[in-house]
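The notes follow in the order in which I worked.

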Amino acid sequence: MEHVQAYPPPAAPSAYPPLATPVSVIGPQYCHPQPVDLAVVRKVLSITEGNFAVTDINGNIMFKIKGKFFSIHDRRLLTDAAGNPVCTLRPRWQVFRGESTEEKDLIFTVKRSSMIQLKTKLHVFLATNPKEDVCDFRVEGSWLERSCIIYSGESNTILAQMHKKHSVESVLLGKDKFMVTVYPNVDYAFVVALIAILDGINQGE
């Protein structure tokens, strides 16, 4: 009988393998070496500013999103907990640094590639990629089920993923709450900006 050499089983991959180089889009200060879990709370019935809050798992505010898109001149502003502007979102799904809307401060642009059968597929192009032949990031999944995943380019490398969190309290208070896990070394402010864009697109804004 032929002897078969027994090898130890391969090590199980880490649940959140750290990326070789940090994915910094808005700023390196938003890249952490450990996974970052965020809770996103939308006030479903609210038409006032500040209808969107992002907290850590302990309920501490990390970001707020103010403003709505009713016309081409409107914008949404992503601020940190202290109210300092992080980036500005325009209705054409362009994201600018701080409160600017000038071309020189453009960070990235999001383009819808498919919204068929309630499935979401978005392509994200950095300002440093003006040809837009190949996307720098992409978003796929179901916004309706709050189960979108953010990937690096056209690869299968996951940068962040959303998962729904239902509660009776959320329903009674007219709030929509879901969780987002941002993988190590990934810019979590960038992920929050993408979620704000997903929200706007799916509200038809």
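Which residue in β6 is the bridge partner of L89? I found V95 in that place. I note that the model is predicted.

Entry on β5 and β6. I read β5 as residues 85–89 and β6 as residues 94–97. The two strands pair in the antiparallel sense, over three bridges. Four residues lie between the strands of this hairpin, and W93 there takes a positive phi near 65°.

Entry on β5 and β4. I then turned to β4, residues 76–80, which pairs with β5 over four bridges, again in the antiparallel sense. The hairpin of β4 and β5 has four residues between its strands, and G83 takes a positive phi near 90°.

Entry on burial. I checked how far β5 is covered and found four of its five residues buried.

Entry on the surroundings of T88. I looked up its contacts, leaving aside neighbours within four places in sequence. The list includes R75, R76 and L77, as well as Q94, V95 and F96. G98, E99, S100 and T101 are also in contact with T88. For G98 I recorded a distance: its backbone oxygen lies 2.7 Å from a polar atom of the T88 side chain.

Conventions
Residues numbered from 1 in each chain as written. Predicted model: local features only at pLDDT ≥ 70, side-chain atom pairs only at ≥ 80, totals over all residues. Heavy atoms only, no water. Polar contact = N/O pair within 3.5 Å; in protein donor to acceptor, adjacent residues only side chain to side chain. Contact = heavy atoms within 4.5 Å. Buried < 20%, exposed > 50% of the residue type's maximum accessible area, 1.4 Å probe, protein only. Pairing = 2+ DSSP bridges.
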